Amino acid sequence: MLHSMTTEPEQQIGVGSPDAFQRLWTPHRMAYIQGENKPSGSGAEDGCPFCSIPSKSDEDGLVIARGERVYAVLNLYPYNGGHLMVVPFRHVADYTELDEAETAELAAFTKHAMAALRRASGAHGFNIGMNQGAVAGAGIAAHLHQHVVPRWGGDTNFMPVVGHTKVLPQLLGDTRAMLAAAWPARP
Ligand SMILES: [Zn+2]
């Protein structure tokens with residue numbers, strides 16, 4: 001789902017290899033443009049996938065962990081194996097719209113995601129961030145989501161990604177189970 005619709009803003013950011021960074025945030029564009037999971041409006045009833053996922057089982061929704069205000073879910077169209085997202089339950093577009101409790105739990109879940117990915121996959125590094133607005137590359141711009149993408153040296157990762165667009169459902173299910181098991185227990 002990384003559903004980036006445009007690449008210009010990221011191309012202007014000089015972080016590491018520009019080419020690698022560009023590829024990081026755009027791999028799912030084609031799948032997204034083809035209409036998969038494309039939301040038609042806000043809320044679960046109107047097709048927002050991030051609003052409808054929490055009503056599914058963990059297995060069906062690829063949910064890794066659920067908090068009080070946010071949840072972690074595996075990306076259907078990962079850049080790398082283990083690419084997940086931290087998403088508020090509330091349908092909020094802009095980061096500044098999150099209240100303090102949502103902001104705090106989103107940050108805590110981002111840390112938990114890093115810990116789980118290190119434990120489960122030995123990730124060497126991470127790309128973490130969110131695209132704000134369609135102009136910045138957010139495909140589902142109406143419902144904010146923080147990407148957590150594990151990186152390895154040479155990106156020889158633990159789960160094969162086919163053409164940087166889609167992995168087999170079985171692999172996604174296995175990955176979800178691994179990360180759920182590695183997720184830090186709540187205090
Ligand atoms: Zn939503």
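Modeller: Four donors count as tetrahedral if all angles lie between 85 and 135 degrees; four count as square planar and six as octahedral if opposite donors are over 155 degrees apart and all others between 65 and 115, and anything else is irregular. Donors are N, O and S atoms within 2.8 Å of the metal (3.2 Å for Na, K and Ca); water is not among the atoms, so sites may look incomplete. The model is predicted: local features need pLDDT of at least 70 and side-chain atom pairs count only at pLDDT 80 or more, while totals for chains, interfaces and linings use all residues. Residues are numbered from 1 along each chain as its sequence is written, and side-chain values use heavy atoms, with hydrogens and water left out.

The zinc ion has Cys-48 (SG), Cys-51 (SG), His-91 (ND1) and His-143 (ND1) as its protein donors, at 2.0 to 2.3 Å. The arrangement is tetrahedral because the angles subtended by the four donor atoms run from 102 to 117 degrees. Along the chain, the donors follow the spacing C-x2-C-x39-H-x51-H.

Pro-88 sits in strand β3, where helices (H or I, at least four residues) and strands (E, at least two) are DSSP runs numbered from the N terminus. Pro-88 is buried, with 0% relative accessibility. Contact means heavy atoms within 4.5 Å; not counting residues up to four places away in sequence, Pro-88 touches His-143, Leu-144, Arg-69, Val-70, Tyr-71, Leu-98 and Leu-106. Its C-alpha lies 8.9 Å from that of Ala-72, 16 residues away in sequence.

A nonpolar core is a set of buried Ala, Val, Leu, Ile, Met, Phe, Trp, Tyr and Cys residues joined through side-chain atoms within 4.5 Å. The largest one has 34 residues, of which Phe-50, Leu-84 and Trp-183 touch the most other members. Two or more residues each come from α4 (49-52), β1, β2 (70-74), β3 (84-88), α6 (100-121) and α7 (169-182). Beyond four places in sequence, the contacts of Leu-84 include Ile-64, Val-73, Ala-113, Leu-117, Val-148 and Leu-179.

The protein chain has seven helices and five strands, in the order α-α-α-α-α-β-β-β-α-β-β-α. Of its 187 residues, 47% are buried. Among contacts with a separation of 6 or more, 65% join residues 24 or more positions apart.

Confidence is given by pLDDT, the predictor's confidence in each residue, from 0 to 100. The protein chain averages 76, and 66% of the residues score at least 70. By element, the mean is lowest in helix α1 (residues 8-11), at 36, and highest in β1, at 98. Residues 1-37 stay under 50, with 86 contacts beyond four places in sequence in the model. Residues 157-166 are also below 50, with 35 contacts beyond near neighbours in sequence. Where pLDDT is low, the predicted coordinates should not be read in detail.

How values were computed. Buried means under 20% relative accessible area, exposed over 50%, partly exposed in between (1.4 Å probe, protein chains only).
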